[in-house]
Amino acid sequence: MRYNSFTYLLSEGFRNLFKNKKATMSSLVTMICAMFLFGIFFAIGENVNTIMEQVNMAQGMEVFIDIDATDEEISELGNKIRSLGGVNSATLKTKQEALDSVKDELKDFQTLLEGFEGVFPASYIVTLTDLNLSEQVKSEILQMENVDEIMSSDQTIELLIKIANGVRVAIAVIFVLLIIIAITIISNTIKLTVHARRKEISIMKYVGATNSFIRGPFIVEGIIIGIIAALITVCIVGVLYNVIIEKIESSMILQQMQVSLLQFQDLSRYILIVYAVLGIGIGIVGSSISMRKYLEV
Amino acid sequence: MIEFKNVTKIYSTGTEAVHNASFTIEKGEFAFLVGSSGSGKSTLIKLILKEEEANKGNIIINGKDITFLKPKRVPFLRRSMGVVFQDFRLLPDKTVYENVAFAMYIVKATPRHIRRQVPMVLSLVGLSNKAKCYPNELSGGEQQRVALARALVNNPTMIIADEPTGNLDPVTAWDIMNLLNEINARGTTVVMATHAQDIVDKMKKRVIQIDKGIIVRDDKKGGYNSEIQ
């Protein structure tokens with residue numbers, strides 16, 4: 001037998017895994033369940049974020065300009081609006097364009113508009129970088145000259161903000177809970193392994209092994225479980241996500257809302273990193289907790 | 001080498017296992033710790049190994065006061081002593097060679113050193129031809145010799161043996177005693193806890209007798225029972 005630190009750690013770690021197949025399986029399954037739930041919520045959260053961004057871009061508000069304002073005054077107002085914090089863009093909709101869009105909507109009944117050509121005011125379509133700033137931007141614009149009124153779908157926006165913030169909090173809470181559960185189960189599993197090998201550990205202690213030397217293989221065991229769980233979960237979440245996304249996107253609701261969802265490729269990068277960190281972290285913490293008692297010889 | 005100065009050990013249950021014990025075992029000595037079960041001799045061994053903490057007094061090993069040794073330093077204290085137990089305590093899924101090499105690996109010996117040292121120690125205990133066997137393929141005496149080889153492999157200054165012949169038949173027990181004697185003759189201190197009366201009587205070595213936690217006798221060349229008692 002060749003004794004080399006790295007190969008020793010790896011071979012002992014793997015040996016532990018296969019010696020206690022039942023315990024390994026149970027912690028693997030638990031880890032996968034926890035990570036799977038987390039993955040689902042993570043995916044929902046990320047999608048809510050991207051929908052919010054798209055809504056931010058699309059929705060915004062329409063600032064109607066006094067019908068008497070000159071072209072110069074209109075472009076000056078545009079510059080003022082654009083200089084506000086939180087404003088993403090301000091696009092001018094001239095009187096003619098306003099008339100055209102109404103005509104479009106009326107289609108066959110365009111004749112009704114005859115004689116009303118000068119009635120429709122020009123406006124600025126203002127989009128925001130962050131919907132939370134909506135109220136503030138609105139009041140600032142209202143104080144400007146030549147502004148007649150502002151129309152915005154406040155209720156929709158408020159609802160969206162509420163949903164998005166709720167989802168974020170829920171994800172954070174679930175995240176913490178899942179980590180605690182996973183650590184508890186992993187540490188219990190490794191406790192079983194450690195208990196089964198307590199005689200070996202006591203021998204090692206009598207021969208003069210340091211605690212970190214004894215702990216090494218068990219931590220490697222935890223890390224291996226974490227990595228395997230992460231890989232399996234990424235595959236499960238990936239397949240499931242694509243199936244669900246396809247179903248949702250083919251339905252009409254999203255197309256009407258004019259928003260698109262994230263593809264798994266966009267998510268997988270973050271999910272992989274989060275899973276790797278989670279798996280390894282839970283493995284290390286879980287095995288360290290379970291070792292404490294048995295090292296006091 | 002090993003010095004106890006007025007050492008008292010009271011377990012958390014309230015049992016006073018050792019009361020005001022003082023003795024000195026010099027370098028190269030061979031000393032028996034004798035006494036009936038529950039007399040406190042196992043506690044003495046545990047105190048030497050720093051498995052238990054003394055409540056009062058000082059324990060000095062190799063010139064170092066270990067009474068207040070930090071837990072982190074305990075592994076390094078244990079590397080200076082080889083330990084042998086009644087139940088051998090070998091790793092069942094490792095071969096004889098691996099069991100002995102393991103003790104060297106733990107102290108981070110180089111592979112070269114391990115390859116040289118392990119066969120040497122195995123031949124010293126007469127087990128060169130059993131290197132590839134697993135513990136369950138060996139007799140009790142052979143297993144204890146493996147344990148001795150493991151205890152010796154890092155060249156400790158002392159061997160601490162807790163009833164090493166307790167599980168062996170008389171003939172095998174003497175094999176182990178002869179080995180211990182030989183090791184002692186090479187300059188290694190040997191401390192052995194036992195209640196094997198015939199062995200103590202025939203070896204004519206120093207005997208420290210403990211009864212109810214108190215050291216009642218310390219004979220330079222005594223038998224198990226002194227003439228005085």
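Here is a short chat about how some labels for this predicted model are reached.

Colleague: Why are helix 8 and helix 10 of chain A called roughly antiparallel?

Modeller: Helix 8 (residues 211-250) and helix 10 (residues 264-291) of chain A pack at an angle of about 150 degrees, with their axes 7 Å apart. Angles over 145 degrees count as roughly antiparallel, and therefore these two helices of chain A get that label. Their crossing is right-handed.

Colleague: What kinds of residues make up the contact of helix 8 of chain A with helix 10 of chain A?

Modeller: By class, 19 are nonpolar, 11 are polar and two are charged.

Colleague: Nice! Now to chain B. How do you know that strand 1 and strand 2 of chain B pair?

Modeller: Pairing takes at least two bridges. Strand 1 (residues 2-10) of chain B and strand 2 (residues 16-25) of chain B have six bridges, in the antiparallel sense, so they pair. In this pair, Phe4(B) stands opposite Phe23(B). The two strands form a hairpin with five residues between them, and Gly14(B) in the turn has a positive phi of about 100 degrees.

Colleague: And what joins strand 1 of chain B to strand 4 of chain B?

Modeller: Five bridges do, and strand 4 (residues 56-61) of chain B runs antiparallel to strand 1. One bridge partner in strand 4 is Asn58(B), which goes with Lys5(B).

Colleague: How many residues does each chain bring to the contact between chain A and chain B?

Modeller: Chain B brings 16 residues and chain A brings 13. On the side of chain B, helix 3 gives the most, with five residues. By class, that side has 11 nonpolar, no polar and five charged residues.

Methods:
Residues are numbered from 1 along each chain as its sequence is written. Chains are lettered from A and ligands numbered from 1 in the order in which they are written. This is a predicted model: local features need pLDDT of at least 70, side-chain atom pairs count only at pLDDT 80 or more; totals for chains, interfaces and linings use all residues. Axes are lines fitted to C-alpha atoms, for helices over the stretch in contact, and angles run from 0 to 180 degrees between N-to-C directions. Helices (H or I, at least four residues) and strands (E, at least two) are DSSP runs, numbered from the N terminus. Angles under 35 degrees count as roughly parallel, over 145 as roughly antiparallel, 65 to 115 as roughly perpendicular and the rest as oblique. A crossing is left-handed if the near helix is turned anticlockwise from the far one by less than a right angle, and right-handed if clockwise. Ala, Val, Leu, Ile, Met, Phe, Trp, Tyr, Cys and Pro count as nonpolar, Asp, Glu, Lys and Arg as charged, and the others, Gly among them, as polar. Two residues are in contact if their C-beta atoms, placed from the backbone, lie within 7 Å.
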